Amino acid sequence: LIEADDPKVVGGKPTSILLTKMATDSANNIYLLGSFNGNVNFNTTISGAMDFHSSNGETWQFLTEIEANGTYKQTYLWQSPYITLRDIAFDENNNIYLGGMVTDNTPGDINVNLDPLTETDPQTLNTGDTMAFWTSIAAGTPYAYNYSFAFKNTGSDLLELDHLALDSNDNIFLFGAFAGTVNFDGTGTIDNKTSNGLNDLFLTEYDSGGAYINTYTIGGTGN
């Protein structure tokens, strides 16, 4: 579906692409979630012009949409090497929900933007911070960025967001692992949870309007 541009080595670095998830909405449109490094043509269907993008030597996340009839529609890019997208889901109106992580493993603070459309959702992390987030893109023509909710872990504590899902009422559930103390309320208030061991599990719930509901944890002492 997607091909790295030739040559495969650009500026001394190999051009690469990794597919993380593939999903379909209720209209059978196809969504490809992944990362790439180098020069990539995201439209290799027989319809329309090529759609080349360059990551400027970094690894960026992408979301590509192909319509149910096989026509290439568009690709969104998250232009930061610190963002990782982990999962994708849809509500009953085919609005897009994405779950992901941001990690600052640099010696200084970093700034990232979770909005791939207009870059109006900046986030700042301090050295050693890990941030889990979920974000929503509203279906339509054109698509519109809705919002994001993020919660952080500071220092060496573990925080991993692995999966995102919606129920029949469009409530959002986030599943992953953590260690230490994490504030799982990404709406600006506080709901700290402290792990029992080194690798506890969490299930966090937000309602369809983005309001935080609760976080459930499970784990014992040790790892």
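The model is predicted, so local features need pLDDT of at least 70 and side-chain atom pairs count only at pLDDT 80 or more, whereas totals for chains, interfaces and linings use all residues. Residues are numbered from 1 along each chain as its sequence is written, and side-chain values use heavy atoms, with hydrogens and water left out.

**Surface patch**
- Phe 175, Leu 201, Leu 203, Tyr 216 and Ile 218 make up this patch on the surface, and together they have about 440 Å² of accessible area (Shrake-Rupley method, 1.4 Å probe; patch residues have over 30% relative accessible area and no salt bridge, with nonpolar side chains joined within 5 Å; a salt bridge is a side-chain nitrogen of Lys or Arg within 4 Å of a carboxyl oxygen of Asp or Glu).
- Ile 218, which lies in strand E21, is exposed at a relative accessible area of 58% (exposed means over 50%, buried under 20%, partly exposed in between).

**Aromatic pairs**
- The whole structure holds 18 aromatic pairs (ring centres of Phe, Tyr or the six-membered ring of Trp within 6.5 Å; planes under 30 degrees apart are stacked, over 60 edge-to-face, the rest tilted).
- The rings of Tyr 31 and Phe 90 form a tilted pair, because their planes stand at 50°, with centres 4.8 Å apart.
- This pair joins strand E5 (residues 30-37) to strand E10 (residues 83-90), across 59 residues, and both Tyr 31 and Phe 90 are buried.
- Phe 184 and Phe 202, both buried, are likewise tilted, with ring centres 4.9 Å apart and planes at 45°.

Key: Helices (H or I, at least four residues) and strands (E, at least two) are DSSP runs, numbered from the N terminus. Buried means under 20% relative accessible area, exposed over 50%, partly exposed in between (1.4 Å probe, protein chains only). Patches are made of residues with over 30% relative accessible area and no salt bridge: like charges are joined within 9 Å, nonpolar side chains (Val, Leu, Ile, Met, Phe, Trp, Tyr) within 5 Å.
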